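My notes are below the display.

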Amino acid sequence: MGAVSRFADRKVLVAVALLCCLLWGSSYPAIKTGYAWFGIAKGDIPTQLVFAGWRFVGAGLILLAWAVASGRSIVALGTGAPRQLVVLGLAQTALQYVFFYVGVAHTTGVKASIMNATGTFFSVLLAHWVYHNDRLSHAKLWGCVVGFAGVMVVNLGRGSLDLDFTLLGEGFVVLAALVLAAASIYGKQVSQRMDSVVMTGWQLAIGGVALLAMGWGAGGSLTGFTPASTALLVYLALLSSAAFSLWSLLLKHNRVSQVTVFNFTVPVFGAGLSAIFLGEALLEWKNLVALVLVCAGIWLVTRDAGPGGAGK
C-alpha cells in the first residue's frame, strides 16, 4: 500500500493524530521536569529562555536536515523569503515561547494545558476578521463561548492547585496562545509560497537563536547537563519536529476537518500526563469541568474547521 493510501486510511489517521496530540500534550510535564532537572528556578527567566532556545534550534535543524534529505531546497526560497522567515521566527517561535516558558514556570502543568487551549478559540475569532470564507458559524461561536467558560472555571477561587490567576503564570500562557493564533495566520500566508517543512524548520531555528540571544544577553546560562536532562532536551526537540511532520502528512492526505477535530485531546493528554508525571491533582472538580468544557469547545469549532494545527 502506498504512502497516500496509508495516511488516508481511517485507522492510521486516528492513530497518528492521537500520537501527535499525545506528543504535544507531553510537552507540559516535560518542560516542568526540565526546569527541575536543569535546576532552573521559577524566577530565572533568562535561563528559561536559553532552555527554550536550545530546544527550538534543535527542532529547526532536524526539520531542515529532513528537508535536505528529501530533496527540498532550503536556500533558494524566492524574493522576500528571508524577511518573512525572520518575522515568522521572531513572532511564532521567539515571542510566543517567551510567554509560554515563563507562564509554564509559574503555573501547574494541568492548568497550563487547559489555558493554552484558548489558542484554538483565538484562531477562530481572528480568522473571522481576516478570511472572508472562514466566518463564525453558530457552532464556532458556541464553541468559543463554551471553551472560554472552561478557562474561567479553572481560575475560580482558591484550592490545592493554587487556582489564582496571575499575569506571569496563567496570563502569560494565554498571551502565548494569542500570539500563536495571530502568527499562524501570517504563517499560513507565507506557506502558500514556500514549502511548509522548510518554512517551519527555518522559523523554529531563527526563533530558537533569538531566544538564546535574549537569554544569554540577560545573563542566563543552562547548566546541570546529565544523561537524563540532556535526553529530555533532545526529546523536546524531536517532539516538535516529529509531531509537525506527521501532522502535515495527515493534512496532506485527509480533509482538514478530519484531522483538526483531534485537537481537543491535547489538553486531555497535557492535563493527564501532568497529573501522572508531576503528581499534580487532576480530579478536583474545577479542573475536570474546565477540561470537559474546553474539549467540547475545541470539538465544536474544529469539526468543520479550515486549516489548523496544534502544538507546543
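**Entry 1: ground rules.** I note that this is a predicted model, in which local features need pLDDT of at least 70, side-chain atom pairs count only at pLDDT 80 or more, and totals for chains, interfaces and linings use all residues. Residues are numbered from 1 along each chain as its sequence is written, and side-chain values use heavy atoms, with hydrogens and water left out.

**Entry 2: α4 and α9.** I looked up helix α4 (residues 81–105) and helix α9 (residues 196–217). Helices here are DSSP runs (H or I, at least four residues), numbered from the N terminus. The two axes come within 7 Å and cross at roughly 55°. I took axes as lines fitted to C-alpha atoms over the stretch in contact, with angles from 0 to 180 degrees between N-to-C directions. α4 and α9 are therefore oblique to each other; angles under 35 degrees count as roughly parallel, over 145 as roughly antiparallel, 65 to 115 as roughly perpendicular and the rest as oblique. The crossing of α4 with α9 is right-handed (the near helix is turned clockwise from the far one by less than a right angle). On the α4 side I listed residues including L85, L88, Y97 and V98, and on the α9 side residues including M199, W202, L211 and M214. Contact means heavy atoms within 4.5 Å. The residues of this contact divide into 14 nonpolar, six polar and no charged. Ala, Val, Leu, Ile, Met, Phe, Trp, Tyr, Cys and Pro count as nonpolar, Asp, Glu, Lys and Arg as charged, and the others, Gly among them, as polar.

**Entry 3: α2 and α4.** Helix α2 (residues 10–37) packs on α4 at an angle of about 70°, with the axes 10 Å apart. The two are therefore roughly perpendicular to each other. I found Y28, I31, K32 and Y35 of α2 meeting F100, Y101, V102, V104 and A105 of α4. By class, this contact has eight nonpolar, no polar and one charged residues.

**Entry 4: aromatic rings.** I counted rings of Phe, Tyr and Trp (its six-membered ring) as a pair if their centres lie within 6.5 Å; planes under 30 degrees apart are stacked, over 60 edge-to-face and the rest tilted. The count comes to 16 aromatic pairs. The rings of F56 and Y101 have centres 6.4 Å apart and planes at 75°, so this pair is edge-to-face. F56 is in helix α3 (residues 45–69) and Y101 in helix α4, 45 residues apart. F56 is buried, with a relative accessible area of 1%, and Y101 is buried at 0%. Buried means under 20% relative accessible area, exposed over 50%, partly exposed in between (1.4 Å probe, protein chains only). Ring pairs link Y28, Y35, F38, F51, F56, Y97, F100, Y101 and F225 into a cluster.

**Entry 5: single residues.** V301 is in helix α13 (residues 285–302) and is buried at 2%. V301 and A139 are 162 residues apart in sequence, yet 6.3 Å apart C-alpha to C-alpha. Leaving aside neighbours within four places in sequence, V301 is in contact with T120, F121, V124, K140, G143 and C144.

S274 lies in helix α12 (residues 265–278) and is buried at 0% relative accessibility. Not counting residues up to four places away in sequence, S274 touches Y28, P29, G109, V110, G279 and E280.
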